[in-house]
Amino acid sequence: MLSTTIKEATKEAHLQLEKKVVQKLKAIRSNQDYADLLRHFYAYFNHLEKAIAPFITADVLPDYPQRRNSSYIKTDIEALGGDINNLPETTVPEIGNTIQALGALYVMEGSIMGGSIIVQMLAKGGITEGVSFFSGYGQATGQMWGAFINVLNASAVEDEQEAIAVKTANETFEHFAAVFVEAEQTVNG
């Protein structure tokens, strides 16, 4: 099944991204710091959503319009007193079909699974506002993830399709991690 294959095949890229995000989270000392981190999430997720939009239709994923998206991040940024002007530059993988779009969406939807841990980390540092994005689907998070995984598994029925989805998921992790490298270079100039 693709869900098992993709999880194993993206483990390294996932860990590399997670390491960068956790490092950034640990450095947050104010709402402004947190809003800046969210701006990086927003820039990437918004760009990626536009790339996958032509391929993730109601026929592919019927509940897609109800799923968490970058508008939640924008709302969180604004709740923290920030804005989405002058966002960091982002690049996204090439998305030219539904299988690639689902590979990218695997990374986006999967980010929800760690969201509750991020909310707890932020709360320990006194940050309790602007957490709607990381709160995911609340009690329905497991159910929403399961529904996505069912679609993912049903969509890639050939080995070649699985390989395409895995490649795109790895590239999605790598491009997202690059957003944080750019931020470090800007800060360290």
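User: What makes Glu109 and Arg67 a salt bridge?

Analyst: In this predicted model, the closest N and O atoms of Glu109 and Arg67 are 2.6 Å apart. The cut-off is 4 Å between a side-chain nitrogen of Lys or Arg and a carboxyl oxygen of Asp or Glu, so the pair qualifies. The bridge links distant parts of the chain: Glu109 sits in helix H5, Arg67 in the loop between H3 and H4, 42 residues apart. Both Glu109 and Arg67 are buried.

User: Why do Asp83 and Arg39 count as a salt bridge?

Analyst: Their N to O distance is 3.9 Å. The limit is 4 Å, so the contact counts. This pair also joins distant parts of the chain.

User: Why is Arg39 called buried, and why is Asp83 called partly exposed?

Analyst: Arg39 has a relative accessible area of 14%. Buried means under 20%, so Arg39 is buried. Asp83 stands at 39%.

User: Which residues are joined with Arg39 and Asp83 into one network?

Analyst: Asp36 is joined with them, through salt bridges that share partners. The whole structure holds 7 salt bridges.

User: What makes Glu8 and Lys11 a salt bridge, and how exposed are the two residues?

Analyst: Their side chains meet at 3.4 Å, N to O. The cut-off is 4 Å, so this is a salt bridge. Glu8 is at 49% relative accessibility and Lys11 at 40%. Exposed means over 50%, buried under 20%, so both are partly exposed.

User: How do you know that the span of H2 agrees with its number of residues?

Analyst: H2 has 16 residues. At 1.5 Å a residue they should span 22 Å, and the end C-alpha atoms are 22 Å apart, so the two values agree.

User: Why are the buried residues of H2 said to line one face?

Analyst: The buried residues are Ala13, Leu17, Val21 and Leu25. Seen down the axis, they fall within an arc of 105 degrees, so they line one face of H2. An α-helix has 3.6 residues a turn, so residues three or four places apart point the same way. The other side of H2 carries the exposed residues Glu12, Lys19, Gln23 and Lys26.

User: What puts the buried residues of H6 on the same side?

Analyst: Helix H6 (residues 115-124) has Gly115, Ile118 and Leu122 as its buried residues. They cover an arc of only 55 degrees around the axis, which places them on the same side of H6. What covers them includes helix H2 (11-26) and helix H3 (31-52). The face turned away carries exposed Ile117, Gln120 and Lys124. Just after H6, Gly126 takes a positive phi of about 85 degrees.

User: What lines the largest pocket, and which residues lie nearest its centre?

Analyst: The lining counts 29 residues. Nearest the centre are His14, Glu18, Gly110, Ser111 and Gly114. The pocket holds about 680 Å³ of space. Elements giving two or more residues to the lining are helix H1 (2-9), H2, H3, H5, H6, helix H7 (141-155) and helix H8 (159-188).

User: Which element gives the most to that lining?

Analyst: H2 does, with 8 residues.

Conventions
Residues are numbered from 1 along each chain as its sequence is written. This is a predicted model: local features need pLDDT of at least 70, side-chain atom pairs count only at pLDDT 80 or more; totals for chains, interfaces and linings use all residues. Side-chain values use heavy atoms; hydrogens and water are left out. Buried means under 20% relative accessible area, exposed over 50%, partly exposed in between (1.4 Å probe, protein chains only). Helices (H or I, at least four residues) and strands (E, at least two) are DSSP runs, numbered from the N terminus. The arc is that of the directions from the helix axis to the C-beta atoms. Contact means heavy atoms within 4.5 Å. The expected span of a helix is 1.5 Å times one less than its number of residues. On a 1 Å grid over the protein atoms alone, a cavity is a set of points where a 1.4 Å probe fits but cannot get out, and a pocket is an open set with protein on both sides within 12 Å along at least five of seven lines; lining residues have an atom within 4 Å of a point. Grid points are joined across faces, edges and corners, and a volume is the space filled by probe spheres set on the points.
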